[in-house]
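Subject: Structure handover

Hi,

Here is the structure I promised to pass on. Please open it alongside this note; my findings follow below.

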Amino acid sequence: MPATFNHTIIASKNRTESALFFRELLEAAEAPSWGPFANIQLADGILLQFAEPPVEIQMQHYAFLLDDDLFDRAYQRLCAAGIEHFADPQMRLPGEINHEHDGRGVYFLDPAGHGIELITRPYL
């Protein structure tokens, strides 16, 4: 069997808030949670586990590939929630999306301060 991505732990200030944020934004399935984790499940069984580490959270970058319809709905949710977003990872083009790689993309920060990217076309 070839290697596939299965799960990751995302450091959160509030694991429940972060799990709910991503579940609603990405229209992801709720997953059973246990121990220190609040979990959601993406397509192909990929599990995102949110936990509250006892250390200062360092910003990480997470990119999600969405189809055009889900991108539209997610972008509408960002705008409706007043979440500051940018067309570029340097965050110099506020309130815009990009049209790179023959698709669309947007950057913003999640509730824990991680850099999130939503794209409609893969880079490769």
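This is a predicted model: local features need pLDDT of at least 70, side-chain atom pairs count only at pLDDT 80 or more; totals for chains, interfaces and linings use all residues.

**Helix α2**

Which residues of α2 are buried? They are Leu70, Phe71, Ala74, Tyr75 and Leu78. These residues span an arc of only 130° around the axis, which puts them on the same side of α2. That fits a general rule. An α-helix has 3.6 residues a turn, so residues three or four places apart point the same way. On the other side of α2, the exposed residues are Asp69, Gln76 and Ala80.

The helix covers residues 68–80, 13 residues in all. From first C-alpha to last, α2 reaches 18 Å, close to the 18 Å expected at 1.5 Å a residue.

Both ends are worth a look. At the start of α2, aspartate 67 brings a side-chain oxygen to within 3.2 Å of the backbone nitrogen of aspartate 69. After α2 comes glycine 82, with a positive phi near 70°.

**The sheet**

Now the strands. In what order do the 4 strands of the open sheet run? The order is β5-β8-β7-β6, and the pairing is mixed. β5 (61–65) and β6 are the edge strands, and each has a single partner strand, so one side of each has no neighbour in the sheet.

β6 pairs with β7 in the antiparallel sense, over 2 bridges. In one of these strands, β7, phenylalanine 108 is the bridge partner of histidine 85. As a general point, strands of a sheet pair through backbone hydrogen bonds, either parallel or antiparallel.

**Helices on the sheet**

Two helices lie across these strands. α2 lies across β6, β7 and β8, and runs at about 35° to β7. α1 lies across β5, β7 and β8, and runs at about 15° to β8.

**Aspartate 88**

Aspartate 88 sits in the loop between β6 and β7. Is aspartate 88 buried or exposed? Its relative accessible area is 7%, so aspartate 88 counts as buried, the cut-off being under 20%. The side chain of aspartate 88 reaches the backbone nitrogen of arginine 92 at 3.0 Å. Leaving aside residues up to four places away in sequence, aspartate 88 touches Leu93 and Tyr107.

Best wishes

Terms used
Residues are numbered from 1 along each chain as its sequence is written. Side-chain values use heavy atoms; hydrogens and water are left out. The expected span of a helix is 1.5 Å times one less than its number of residues. Buried means under 20% relative accessible area, exposed over 50%, partly exposed in between (1.4 Å probe, protein chains only). The arc is that of the directions from the helix axis to the C-beta atoms. A polar contact is a pair of N or O atoms within 3.5 Å; within protein, one must be able to donate a hydrogen and the other to accept it, and residues adjacent in sequence count only if both atoms are side-chain atoms. Contact means heavy atoms within 4.5 Å. Two strands pair if DSSP finds at least two bridges between them. Axes are lines fitted to C-alpha atoms, for helices over the stretch in contact, and angles run from 0 to 180 degrees between N-to-C directions.
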